[in-house]
Amino acid sequence: MRGRRLARFILIRLFQAVPVVLGVVVLNFLLLQLAPGDAATVLAGEAGGAPPEYIEQLRARFGLDKPVLVQLALYLKNILFLDLGYSFRNSAPVLGLILDRLWPTLLLMGATLVISVGGGVLLGVAAALWVRTWRDHLISVAAVIAYATPLFWVGLMLILVFSIRLDWFPTSGMEDVVAFHEGWARVVDIAHHLVLPTITLSLFYLALYTRLMRATVLEQRGAEYATTARAKGLTERAITFRHVLRNALLPIVTMAGVQVGALLGGSIVVETVFAWPGLGQLAFQSLFARDFNLLLGIFFLSACLVVLVNILVDVVYVLLDPRIRVGDE
Amino acid sequence: MRLVKSLALFAGLGLSAAALLAGPASAQKRGGTLVQITQPEPPSLGSYISTANPVGQVASKIYDGLLEYDFNLKPLPSLAESWVVSEDGKTVTFKLRSGVKFHDGKPFTSADVQFTFMEVLKKVHPRGINTFSEVTAVDTPDPQTVVFRLNRPAPYMMAALSGYESPILPKHVFSQGDIRTHQNANTPIGTGPFKFVEWRRGEFVRLDRNADYWKPGKPYLDRIVVRFIGDTGTRAAALEKGEAHVAGFGAVPYNDVKKLEKLPNIRIETKGYEMLSPVVELMFNTKKPPFDNAKVRQAISYAIDRKFVIDNIWFGFGKPTNGPISSNFAPTGLYTADVTNYNVPDGVERANKLLDEAGFPRKADGTRFEITHDITPYGEEWRRFGEYTQQALAKIGIKASLRYEDVATWLKRIYTDYDYDVSSNHLFNLADPVLGVHRAFHSRFIRPGTVFVNGVRWSNPRADELMDRATIEPDAKKRAELYAEVQKIVVAEAPLAWTHEISFATVLDKRYRDVIVSPLGLFSSFDSAWRE
């Protein structure tokens with residue numbers, strides 16, 4: 001019964017997501033029209049002194065000579081068939097370009113989520129259990145520092161210390177381009193390259209989760225159900241891990257849902273510093289090149305991903321807390 | 001005793017000098033991977049359709065040209081073994097090298113040359129449309145001969161036949177389908193020393209040694225990997241650690257170049273940009289008062305302290321100048337230093353005097369008039385150059401406010417809307433003034449919407465005529481005289497204020513030798529590069 005209701009809920013949510021995503025596409029399309037200059041200007045600019053015939057040629061090829069609304073209609077029509085168009089700047093279809101970047105992005109995102117959520121929850125619980133001791137103060141102060149330090153600076157410092165001074169990790173990239181390892185050696189090589197960017201990207205959220213977790217655990221431990229459990233004669237250990245933790249995880253799940261969205265765009269800095277071939281850099285470059293087909297494709301994909309993650313978060317709520325019901329009863 | 005010692009030292013020095021001179025010729029070793037940093041990542045690898053800088057840095061290893069060039073810009077044989085220019089300059093015959101194969105194993109013939117120039121470069125290459133506009137036909141009497149037929153003589157064409165500027169494409173590949181969206185743009189096939197293997201976007205392009213290359217024994221390297229690293233600090237770190245081995249064109253900012261220079265494993269090279277020759281210029285909107293007045297423009301040119309700019313903003317990597325043609329053209333005779341000299345110690349006084357004469361006296365608050373200065377959006381040094389310009393103008397009573405926009409917005413403002421007062425830029429002279437210099441002030445190049453041309457909208461019939469004559473003048477000496485007069489006129493009239501020639505710095509790992517061996521530097525094939 002519950003399973004069926006959940007499935008129905010997911011279906012309805014997916015159905016509702018369609019107009020949301022389309023709305024995002026239209027809005028993005030119109031917003032991008034406000035940016036001055038177009039792809040033809042930038043391409044010709046890089047060429048250095050192209051004759052006007054060349055620029056007109058480019059505009060006609062890119063379809064930039066048509067009215068904006070016609071361009072929008074064409075784009076929407078294509079999107080409905082999941083055709084994301086062609087990036088003239090990169091001389092390649094948009095979908096392929098995005099998919100190439102998707103797995104490095106997901107890899108970095110996944111590693112970061114695991115480290116920041118896992119580490120944050122552990123540190124937060126620890127700080128709450130040791131509340132108002134020196135250990136709690138140490139964790140809290142470290143969290144504030146991590147929270148306040150700019151990402152690019154952390155990245156560069158990690159490179160300076162762990163790559164150049166200690167020679168433990170490579171400075172940048174996703175794999176060794178002199179050796180070109182294969183098989184398991186390649187997996188190890190990629191993991192080796194993943195360490196510094198993951199740490200850099202995790203720090204901020206690790207600090208956020210630590211603070212959030214500490215606060216909620218403290219709050220929940222004072223709640224009535226905890227007092228009841230205590231009166232029942234349960235140990236503090238059992239109360240914390242069986243009852244409090246489960247309730248305290250709810251805000252973390254909410255936050256993680258937000259983080260996924262932010263990670264898609266917010267990793268631009270880390271991707272740039274560590275030359276990680278992710279979507280953030282691609283989006284950044286295409287904005288400056290006015291490669292709107294590609295940019296819209298990335299926006300479209302991000303919108304889809306955010307919608308999906310939101311549905312997932314709602315489902316996780318239900319699993320964590322049986323009191324939460326989905327859909328109409 | 002001391003004498004003996006210094007004699008011995010002298011002899012020792014002499015020996016090691018001899019060893020150094022003789023060394024490279026015999027010591028070249030096969031093998032090794034060279035990691036090159038190119039910034040930003042190229043949008044495509046189709047150097048026949050895009051002349052964007054990063055495209056050339058990669059594609060020049062894959063495609064050969066008909067010719068190569070030495071540091072005096074003199075042509076050398078490449079795919080063309082020899083060539084003859086007819087008396088009237090309207091026929092150029094190339095004898096092609098035989099036995100050359102494309103990377104897919106198909107032979108290279110005159111048909112490929114004909115296709116490349118007539119069907120590709122003349123039609124879709126951003127500069128080729130201009131460079132080869134006089135070419136009416138390319139005849140192929142036999143597989144090893146091509147004859148270029150020109151409408152009028154085009155002496156500059158002979159300087160534009162490198163593998164970077166005019167890459168020779170395989171006809172059997174690129175004649176299939178639309179050249180503008182050809183699938184092989186990003187999987188190039190040429191005759192060059194390195195073959196394209198893989199391009200992983202956002203990471204690297206991998207090029208492997210072409211074992212069948214037509215230069216015996218070359219290339220020496222097994223592989224070139226071109227990496228893309230977005231952050232300047234990380235680029236410097238990768239070079240410092242020896243993960244990457246060569247980077248040029250400002251990929252490493254000058255302040256980092258100065259730091260890297262001190263490391264034992266790094267060498268800095270400023271050669272290898274002679275066929276590009278960027279010259280920095282201040283642009284004046286000459287159709288808009290007060291910049292329609294030559295005295296105002298001259299005054300600003302006098303106000304710029306070239307030495308200060310080079311030493312403090314470009315970290316010493318530059319050379320003061322007054323005119324549009326780079327001193328790299330001195331060996332060809334096209335450059336002259338005999339022009340108005342704005343680089344004088346009393347520049348500020350002269351500038352003030354000129355502005356008084358022009359009818360812009362200082363007001364009660366010490367200013368004469370207010371303008372907006374558009375900073376060139378190309379990074380740190382340009383921003384600082386903009387800030388310096390603001391201060392220099394303040395000294396002569398011109399109050400400038402700064403505006404900073406992204407590249408696309410700025411290009412549109414300067415070259416389409418002409419909605420600016422003063423801005424700065426640097427145009428590449430390229431291989432010949434016809435290709436790189438005319439566009440900045442010839443009135444034929446006042447073309448709204450076309451970037452990097454005559455954005456100052458200046459026109460002078462005499463200068464136009466001289467440039468038109470120099471374009472088709474086959475005699476080198478007469479050409480030099482024409483250009484001498486052009487330089488005199490434009491420098492005196494100052495539609496732009498040329499301030500200095502930029503020297504780019506290439507950062508090199510010392511283990512790699514003979515990397516920069518041509519005036520095209522990073523745009524050359526690296527077939528002689530080797531690893532110790």
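How many of the 532 residues of chain B count as buried? The share is 53%, where buried asks for 20 or more other C-beta atoms within 10 Å of a residue's own, exposed for 12 or fewer, and partly exposed covers what is in between, with C-beta atoms placed from the backbone.

A word on the ground rules. This is a predicted model, in which local features need pLDDT of at least 70 and side-chain atom pairs count only at pLDDT 80 or more, while totals for chains, interfaces and linings use all residues. Residues are numbered from 1 along each chain as its sequence is written, and chains are lettered from A and ligands numbered from 1 in the order in which they are written.

**Chain B overall**

Chain B carries 16 helices and 21 strands; these are DSSP runs, H or I of at least four residues for helices and E of at least two for strands, numbered from the N terminus. Its C-alpha trace spans about 75 × 75 × 50 Å along the principal axes. Looking at contacts in chain B between residues at least 6 apart in sequence, 69% join residues at least 24 apart. A contact here means C-beta atoms, placed from the backbone, within 7 Å.

**Two sheets in chain B**

One open sheet has six strands in the order 14-18-13-17-15-16, with mixed pairing; two strands pair if DSSP finds at least two bridges between them. Strand 14 (318-320) and strand 16 (398-403) of chain B sit at the edges with a single partner strand each, so one side of each has no neighbour in the sheet. From one strand to the next, the twist averages 30°. Angles like this come from lines fitted to C-alpha atoms, for helices over the stretch in contact, and run from 0 to 180 degrees between N-to-C directions. Strand 14 of chain B joins strand 18 (residues 496-502) of chain B in the antiparallel sense over three bridges, and B:Pro320 stands opposite B:His500 in strand 18.

Another open sheet has four strands, ordered 4-5-7-6, and its pairing is antiparallel. Strand 4 (80-85) and strand 6 (135-142) of chain B are its edge strands, each pairing on one side only. Neighbouring strands in this sheet are turned by 20° against each other on average, direction ignored. Strand 5 (residues 91-96) and strand 7 (residues 145-150) of chain B make an antiparallel pair over five bridges, with B:Thr93 opposite B:Val147 in strand 7. Helix 3 (residues 110-124) of chain B lies across strand 5, strand 6 and strand 7 of chain B, at about 165° to strand 6.

**The core and the contact between chains**

The largest nonpolar core holds 231 residues; such a core is a set of buried Ala, Val, Leu, Ile, Met, Phe, Trp, Tyr and Cys residues joined through C-beta atoms within 7 Å. Among the members that touch the most others are A:Tyr209, A:Ile298 and B:Leu496. Leaving out residues up to four places away in sequence, A:Tyr209 touches A:Ser116, A:Val117, A:Gly120, A:Val121, A:Gly124, A:Ile252 and A:Met255.

Where the chains meet, chain A puts in 46 residues and chain B 49 residues. Helix 2 of chain A gives the most to chain A's side, with six residues. That side divides into 25 nonpolar, 14 polar and seven charged residues; Ala, Val, Leu, Ile, Met, Phe, Trp, Tyr, Cys and Pro count as nonpolar, Asp, Glu, Lys and Arg as charged, and the others, Gly among them, as polar.

Most residues other than glycine have a negative phi, and most peptide bonds are trans.

| Residue | Phi | C-beta neighbours inside 10 Å |
|---|---|---|
| A:Arg132 | near 60° | 8, exposed |
| A:Arg290 | near 55° | 25, buried |

A:Arg132 lies in the loop between helix 5 and helix 6 (134-148) of chain A, and A:Arg290 in the loop between helix 12 and helix 13 (292-320) of chain A.

In chain B, a cis peptide bond with omega about -5° joins B:Gln39 and B:Pro40. B:Pro40 is in the loop between strand 1 (33-37) and helix 2 (53-59) of chain B. The bond from B:Pro289 to B:Pro290 is also cis, with omega near 0°.

Conventions: Contact = placed C-beta atoms within 7 Å.
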